[in-house]
Amino acid sequence: MILAPSVLSLDYTRFNEQVAILNKAVSALHFDVMDGHFVPNLSFGPDILKAFKKASNLFMDVHLMVDDPGFFTPVFAKAGADGITFHYEAVKDLKAISSLIQEIKQLGLKAGIALKPATDVAVLKPFLKDLDLVLLMSVEPGFGGQSFMPSTFAKLETLTKIKNEHSFLIEVDGGVNKENAAKLIAGGVDILVAGSYVFKGDILANIKSLEK
Ligand code: DX5
Ligand code: ZN
């Protein structure tokens, strides 16, 4: 299992100190981009990603919560993304989704699709053969610090069953803590995203408690 701390919850008054801890403890960081339209919140632009790339060599897992992922894909690729995951609900059109996946891959990045809690995993069927990653949202996208939705377990089970025929990884994002992490890992999750749980208190100890 790969743990990808969500830097939405990082303390930006202690950027260097906290990134130094993360650099030693994990292999990936999760970077949430919010446009104020797809979700009712604003987060980071590409210059913040560039700052992370100066301070860290970790894999930058960029989660686009934006209405127009086609516009922002080259922007964040140029800023240093290693993987780009966009929302199915933001695009929906089969051809447009397929071509965006191909574009991400042609940029040399890992390509992922994210699903909101209410979106059925069945919508992904046409794309599974091409995807590197499927991100299951376990909260409504937009804010850190929300409670994990247990309905995620059933979606994880469905996805795990069809995973064998393909090579995508499964990522779960939202409300992850030490109470649900073990069950998610046992359920077949490959990448766990955790924000508020990791950054509240002792970062290193929190990371270790999720990896158990
Ligand atoms: C929510 C974001 C998550 C968020 C997770 O819209 O996609 O990545 O930062 O934060 P926690 O772990 O606090 O739910
Ligand atoms: Zn996210």
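Predicted model: local features only at pLDDT ≥ 70, side-chain atom pairs only at ≥ 80, totals over all residues.
1. H3 covers residues 69-79 and H5 covers residues 94-106; their axes come within 11 Å and cross at roughly 5 degrees. Angles under 35 degrees count as roughly parallel, so H3 is roughly parallel to H5.

2. Which residues make this contact? From H3 come Pro69, Gly70, Thr73 and Pro74, and from H5 come Leu100, Glu103 and Ile104. Sorted by class, the contact of H3 with H5 has four nonpolar, two polar and one charged residues.

3. H3 also packs against helix H2, which spans residues 46-55. Here the angle is about 25 degrees and the axes lie 8 Å apart, which makes H2 roughly parallel to H3. The two helices cross in a right-handed sense.

4. On the H2 side of that contact you will find Pro46, Leu49, Lys50 and Lys53, while H3 supplies Val75, Phe76 and Ala79. The class count for the contact of H2 with H3 is five nonpolar, no polar and two charged residues.

5. Next, have a look at helix H1 (residues 15-25) and helix H9 (residues 203-211). Their axes come within 10 Å and cross at roughly 30 degrees, so H1 and H9 are roughly parallel to each other. H1 passes H9 in a right-handed crossing.

6. Now for the metal site. Which residues coordinate the zinc ion (ligand 2)? The donors are His30 through NE2, Asp32 through OD, His63 through ND1 and Asp173 through OD, at 2.0 to 2.3 Å.

7. Why is the arrangement around the zinc ion (ligand 2) called octahedral? Its six donor atoms subtend angles of 69 to 172 degrees, and that makes the arrangement octahedral. For six donors, the label requires opposite donors over 155 degrees apart and all others between 65 and 115.

8. The donor residues of the zinc ion (ligand 2) follow the spacing H-x1-D-x30-H-x109-D. One pair links distant parts of the chain: His63 sits in strand S3 (residues 59-65) and Asp173 in strand S7 (residues 169-173), 110 residues apart.

How values were computed
Residues numbered from 1 in each chain as written. Chains lettered and ligands numbered in written order. Heavy atoms only, no water. Axes fitted to C-alpha atoms, helices over the stretch in contact; angles between N-to-C directions. Helix = DSSP H or I, 4+ residues; strand = E, 2+ residues; numbered from the N terminus. Parallel < 35°, antiparallel > 145°, perpendicular 65-115°, else oblique. Left-handed = near helix turned anticlockwise from the far one by under 90°. Donors = N, O, S within 2.8 Å, 3.2 Å for Na, K, Ca; no water. Tetrahedral: all angles 85-135°; square planar, octahedral: opposite > 155°, others 65-115°. Contact = heavy atoms within 4.5 Å. Nonpolar A, V, L, I, M, F, W, Y, C, P; charged D, E, K, R; others polar.
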